[in-house]
2 protein chains.
Amino acid sequence: MRTYKAPVRDMRFVLNEMLKVEEIYRSHGFEEADADTINMILEEGSKFASEVLTPLSKVGDQHGCTLHEDGSVTTPPGFKEAYQQYVENGWGSMCAEPKFGGQGLPDSLGQVLNEMIFSADISWGMYPGLSHGAMNALMVHGTEEQQHTYLSKLVEGSWTGTMCLTESHCGSDLGLLRTRAEPHADGSYRITGEKIFISSGDHDMAENIVHLVLARLPDAPKGTKGISLFIVPKFLPDEQGGVGERNGVRAAGLEEKMGIKANATCVMVFEDAVGYMVGEPNQGLRCMFTMMNAARLGTGIQGLGVGEASYQGALAYAKERLQMRSLSGPKHPDKPADPIIVHPDVRRMLLTQKSIAEGCRALAYYTATVVDTARHAKDQAERDHADKLLHFLTPICKAFMTESGYESVNLGMQIYGGHGFIKEWGMEQLVRDARITLIYEGTTGIQSLDLLGRKVLMTNGETLREFTKIIYHFCKENGEREDMKPFVEPLAALIKEWGELTTKIGMAAMQDREEVGAASVDYLMYSGYACLAYFWAWMAQVALDQLAAGSGDEDFYRAKVFTARFYYRKILPRTRGLAATMLAGAPAVMDLEEEHFSFL
Amino acid sequence: MRTYKAPVRDMRFVLNEMLKVEEIYRSHGFEEADADTINMILEEGSKFASEVLTPLSKVGDQHGCTLHEDGSVTTPPGFKEAYQQYVENGWGSMCAEPKFGGQGLPDSLGQVLNEMIFSADISWGMYPGLSHGAMNALMVHGTEEQQHTYLSKLVEGSWTGTMCLTESHCGSDLGLLRTRAEPHADGSYRITGEKIFISSGDHDMAENIVHLVLARLPDAPKGTKGISLFIVPKFLPDEQGGVGERNGVRAAGLEEKMGIKANATCVMVFEDAVGYMVGEPNQGLRCMFTMMNAARLGTGIQGLGVGEASYQGALAYAKERLQMRSLSGPKHPDKPADPIIVHPDVRRMLLTQKSIAEGCRALAYYTATVVDTARHAKDQAERDHADKLLHFLTPICKAFMTESGYESVNLGMQIYGGHGFIKEWGMEQLVRDARITLIYEGTTGIQSLDLLGRKVLMTNGETLREFTKIIYHFCKENGEREDMKPFVEPLAALIKEWGELTTKIGMAAMQDREEVGAASVDYLMYSGYACLAYFWAWMAQVALDQLAAGSGDEDFYRAKVFTARFYYRKILPRTRGLAATMLAGAPAVMDLEEEHFSFL
């Protein structure tokens, strides 16, 4: 059975020593988010994730969910009780604004908690996770009455939320959606249609479910400009705001999936269901994007979480499993063989996992504080700047952290050898669970088009420059330090190249728009490795400073510097291939007729 | 439901136009293996794989196997009948020597059939597949009586075989194994112990099962030098050679696995089971390697097979699924959206799959003909040369073809988006089934040590040079051709670099043996890409010649040249990163204390 302990020491390193979040929080007016509160969240969150959620993960995978004839869904044993505990401990309301009943803590602390939850079990984490998307949308776009009726319940945790976007014929292309919303005399709407792949679509963990549904008004323009957003509660609120009459929405099917089996992925059927419009008519996609940006960072953090969980499992096994002798002579002559952690290739796999987890943690927490800044900084210019950074970083977080998380869980399984392929150790479940993160909330391909096409090229590279400027300053500040040379020199070269590659693709794209899609995934992965190069250099600098200052915890800082070096030597060179392949040009993929892909 | 059709046109291209196998077969004395026979195998094999086996794949995944109280295992519905058909059609005996009842066709044709079978269903394919390992061992090391009693039954297909190596505490490190073999007065042995992860360990498809078991004699030296190989039949042969008394071996458990659920992966318990030694005492590992080398190529071909199957599924979907418009304007304005094959990133994924499948097919069939040559060439020097090549190519085939096959099935799933993650389309099953191929028959890490340590460095680079010499001649022959320049120039540079990298690692390894393990997987992957660069250049040359000669089938040859270019531009540059990371040095992975990998 898999175990998990939150990497609290490393989380503290990133939050306190690297990002210095206390200062950020103070400047944004989060008076409550002091050292004690952060500590409490780390300690208690860790306990909740490791003691309550982690043991549920295998149970959930084995049981899955059950759909009953009446369209209700039962979650695996223990899921409901864990959710009650989550609500009672106040985890769900932690980052919501006090005026809606929340505790008013910064979102970035919520993302730290998310990492722990997703390390424990993505399936479980998606029940409250989807609520947060719904909360975000209603906080920004809901009317006061909608906020009073629905948002307060979501914050309280007695109701949960969903996002109902996908239909069977439209996933990435929401412009094709068909679900109809007919206006009703009382100002409400009647929603009819079928949605698929609805995560947490129905369950028994909360008394009501608030579906946020994309649908078309009768007179709506075609395509994405004719989509509106509606609240469709499972039970209509009664006079007192409690659970009233059953609404015309039900789960009509549960998908059989590769992983995240304990999350109810539902086919949701809406039959004249009562709905209430959120925001303006035909502005539904805009409203939905409010949910989706947060959800994308959250999905990236799922990649981080499973990667960390897999690393912990693999490391424990590598220290225990005895196979063969070290190439440089027995390390444990008293034992029948050496533990496999003595073997350089096992170490390569472990350190790849480690450098991915710790590098992505820095990227994720950094980005999460940029979200705080974009929302709460007192200065408008600061908010705008953060917003630009966020546009740039969000698709990278979503796609790179899930792709590298998937690499990590596969390495974790590989370290177990044949034992990784059987269910007993939980390593194969991490692979199956992680696999969806590369797909939902926009595939890697979709994120890459968002990054390269919309965020970088459509702003003439401005968002990229905003970020590389920060790195440039870092390089300048640390350029004279001998101990930082192994990081600063390649990093400076990299950001120069990053800009040049962008310019080249941009020039090519002016001739042929297909150049964007032909380069985009390579560009995104390059960008991800470049981001991590910055964060690893930064972490190395913090650790080297601590070592120079003779702080305690020397082993920790040494390991950090070692891992930074590992990243630069063993991982970062992947950019060499990507720099070449992203310039291969559109004809390399476009100049083959559809019918000549195969001659069967 | 997934469908599959054998890529017969492409198989013919590799066999006939590129490798010219008819000439090879003729020179080795395979008179029967003429054009008609090859055609028949391709046509009938394709029918069997697509019509009989492919529909069983999902059934098998859903049903799995059932272990009964008496230790017998039932396979999924249809498995047994398909096996009967396989036997009746003579597929199982195709490549066995006529003196054992076989049809005496070259092994390489058996590998072509294997590709089809593994594309259809790896789980099913492993029942007859394991028999072939046992046949190989008995053909080389069995006594005449053993061949008469067991080999003939295996060839006939009425009995099947297994390989019983792994024990719970020893996978890669067979030196640790504990299963005991006590000599008995009549010259037989009594085998006692427990083996795990025994593929096809028990089933209802054949009347008897011949286990080939590694065990220790009472006086055996420790480690790998004290292991002997034994035949342990499930039922002892009776006087007439038929199925007699039940032997003391039974399945005591079935592993719950991530994939290949229809193959019975058994815990096998041996309790005083009657066994017969194969080969000399304490020479068991050598005998086992006879089975394992063939099995390693076969496992590589599993990677090829699943990759091809996934490509077919993804291509069909990409042509049908309508999502969004082409970046360069609508391609099908009559439809609500364009099929996703218009999008460059979808094409990148499809072409990656295509270039992997076709490139690995060339590598696999080439290597399979080298097996033929090593065994059957009339000239000793030719056999020896082929043997050297084989030593070099086998670990590359096993590890590179499974790693790239796994990449391919993941891309195939990604092309389906959310639909890839649900069971309906069969794409996620391919991912789950493919995952084990990177582990069993020696993990990628084990193969990489075999390649770099044993095969390359221990021969002072001789095996590498034997292979690069062939490439060097190819480059020389085609160096003047304008149309081959895009291939020959980078290929020539690559083989030069390949040698230089090898020398550098070899030099470093003389100082520190850990350098081998620190570089080995990067080296293996580099070698795989380099091999495929050669085969893609060769395929391009054949196709360009056909185009120049004005042969028919122009579209096919054009597509081949296009894919070769794609490989050189979009895949081969991955070697840039690998060339750097393999030289990162052992300290980059070794200089961190075990206890400092984590600070939880």
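**Reading helices, cores and an interface**

Modeller: In chain A, the buried residues of helix α1 pack against α2 (21–27), α3 (35–63), α5 (107–120), α9 (344–376), α16 (514–548) and α17 (554–571). Helices (H or I, at least four residues) and strands (E, at least two) are DSSP runs, numbered from the N terminus. Buried is under 20% relative accessible area, exposed over 50% and partly exposed in between, with a 1.4 Å probe and protein chains only. Contact is heavy atoms within 4.5 Å.

Colleague: What conventions apply?

Modeller: This is a predicted model, in which local features need pLDDT of at least 70 and side-chain atom pairs count only at pLDDT 80 or more, while totals for chains, interfaces and linings use all residues. Residues are numbered from 1 along each chain as its sequence is written, chains are lettered from A and ligands numbered from 1 in the order in which they are written, and side-chain values use heavy atoms, with hydrogens and water left out.

Colleague: How many residues of α1(A) are buried?

Modeller: The helix spans residues 8–18, and nine of its 11 residues are buried. They are V8(A), R9(A), D10(A), M11(A), F13(A), V14(A), L15(A), E17(A) and M18(A). After α1(A) comes K20(A), with a positive phi near 50°.

Colleague: Which residues touch the most other members of the largest nonpolar core?

Modeller: In soluble globular proteins, nonpolar side chains tend to be buried together. A nonpolar core is a set of buried Ala, Val, Leu, Ile, Met, Phe, Trp, Tyr and Cys residues joined through side-chain atoms within 4.5 Å. The largest one here has 417 residues, and W124(A), F467(A), W498(A), W124(B), F467(B) and W498(B) touch the most other members. Beyond four places in sequence, the contacts of F467(A) are Y366(A), L389(A), F392(A), L393(A), W498(A), C531(A), Y534(A) and F535(A).

Colleague: Where is Q447(A), and is Q447(A) buried or exposed?

Modeller: Q447(A) sits in helix α13 of chain A, residues 444–456. Its relative accessibility is 0%, so Q447(A) counts as buried. Not counting residues up to four places away in sequence, Q447(A) touches R296(A), P395(A), K398(A), A399(A), E441(A), G442(A) and L524(A). K455(A) is also placed in α13(A). With a relative accessible area of 9%, K455(A) is buried. Outside four places in sequence, D450(A) is among its contacts, along with H391(A), P395(A) and T463(A).

Colleague: How many disulfides does the structure hold?

Modeller: A disulfide is a pair of cysteine sulfur atoms within 2.5 Å. The count over all chains is zero. For C170(A), the nearest cysteine sulfur belongs to C164(A), 12 Å away. C170(A) has 0% relative accessibility and therefore counts as buried. For C164(B), the nearest cysteine sulfur is that of C266(B), at 9.2 Å.

Colleague: How many residues does the contact take from each chain?

Modeller: The contact takes 100 residues from chain A and 100 residues from chain B. The area buried between the chains is about 8800 Å², with carbon and sulfur atoms giving 63%; buried area is the accessible area (1.4 Å probe) that two parts lose on being put together, summed over both. Two salt bridges cross the interface, a salt bridge being a side-chain nitrogen of Lys or Arg within 4 Å of a carboxyl oxygen of Asp or Glu. K570(B) forms a salt bridge with D522(A), the closest N and O atoms being 3.2 Å apart.
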